Amino acid sequence: RLGEMYFLAGEAENSLFYSTLAYSAGEESISSQLGIFFYRGTYGVSKSLYRAKHYFKEAAGKGRVTVYYRLAITLLELSELQYKDMNMRGIPGHSCIPKVLFWARKSVESTTFRVADTGNFTEEFRASKVAACEKSKSDAYKLIERLENLGDQSCANCKRDADSFPDNIMQCSQCKAVWYCGRECQLKNWKD
């Protein structure tokens, strides 16, 4: 909690020191805070999306719902840096979109504020946490809509434009992250 208190007070060096100390002592709840440090590249650390992803993934795996959206954004930014193309569906296994949509949807479903998350902090702090959760939920909705609008423009297998088909292309019922013009393309894409 010392790391978080220094973070809220704007004391970067102390916040980073106590957060790192708490993490090394096994305090798992601090991993989301370390993820924020690396995501933003502030408080004395260099920006590192890979390290932010590590800490956010760890926190998400422990059920820290407040990092689900941050993890989705970090995965998307890493993909943009690595591939310079948001629509990497053409290379099997390289699309981050299914994972990004998974975490964004999980954020929308799960982002609820729990008073227990704030410990002994003030009402003002609790109110700021509620506002942050609501903003994450709103941003996650927008991200989902943006990625779904991008995905339903073409078939994930044959890559033909959705407008070239008489019927709407169908969303995969399994991952809900790709669209197909028909069953043949869906099966062929699964085999590849």
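# Talking through this predicted model

Me: What relative accessible area does Arg-64 have?

Reply: Arg-64 counts as partly exposed, the class between buried (under 20% relative accessible area) and exposed (over 50%), using a 1.4 Å probe and protein chains only. Please keep in mind that this is a predicted model, where local features need pLDDT of at least 70, side-chain atom pairs count only at pLDDT 80 or more, and totals for chains, interfaces and linings use all residues. Residues are numbered from 1 along each chain as its sequence is written, and side-chain values use heavy atoms, leaving out hydrogens and water. For Arg-64 the relative accessible area is 23%.

Me: Which residues does Arg-64 touch, leaving aside those up to four places away in sequence?

Reply: Arg-64 sits in the loop between α4 and α5 (68-83), and its C-alpha atom is 10.0 Å from that of Glu-28, 36 residues apart along the chain. A contact here means heavy atoms within 4.5 Å. Not counting residues up to four places away, Arg-64 touches Ser-29, Ser-32 and Ala-59.

Me: In what order do the elements of the protein run from the N terminus?

Reply: The protein has eight helices and two strands. These are DSSP runs numbered from the N terminus, with helices being H or I of at least four residues and strands E of at least two. The order is α-α-α-α-α-α-α-β-β-α.

Me: Why is the pair of Tyr-23 and Tyr-55 edge-to-face?

Reply: Rings of Phe, Tyr and Trp (its six-membered ring) pair if their centres lie within 6.5 Å; planes under 30 degrees apart count as stacked, over 60 as edge-to-face and the rest as tilted. The whole structure holds five aromatic pairs. The centres of Tyr-23 and Tyr-55 are 5.2 Å apart, and the pair is edge-to-face because the planes stand at 85°.

Me: What is the angle between the planes of Tyr-39 and Phe-56?

Reply: Tyr-39 lies in helix α3 (residues 31-40) and Phe-56 in helix α4, so this pair ties together parts that are 17 residues apart in sequence. Tyr-39 is partly exposed at 22%, while Phe-56 is buried at 1%. The rings are 6.4 Å centre to centre, and the pair is tilted, with an angle between the planes of 50°.

Me: Which residue lies over the face of Tyr-39?

Reply: A charge sits over a ring if NZ of Lys or CZ of Arg is within 6 Å of the ring centre and within 35 degrees of the ring normal. At 5.3 Å from the ring centre of Tyr-39, the residue over its face is Lys-47.

Me: Which members of the largest nonpolar core touch the most other members?

Reply: A nonpolar core is a set of buried Ala, Val, Leu, Ile, Met, Phe, Trp, Tyr and Cys residues joined through side-chain atoms within 4.5 Å. The largest one has 33 residues, with α3, α4, α5, α6 and α7 each supplying at least two. Helix α5 gives the most, seven residues. The members that touch the most others are Val-100, Trp-103 and Leu-143.

Me: What relative accessibility does Arg-105 have?

Reply: Arg-105 is found in helix α6 (residues 97-110). Beyond four places in sequence, Arg-105 touches Ile-144, Glu-148, Gln-171, Cys-175 and Lys-176. Arg-105 counts as buried, because its relative accessibility is 17%.

Me: What is the phi of Lys-176?

Reply: Lys-176 lies in the loop between β1 and β2 (179-180) and is partly exposed, at 38% relative accessible area. Its phi is positive although the residue is not a glycine, with a value near 55°.
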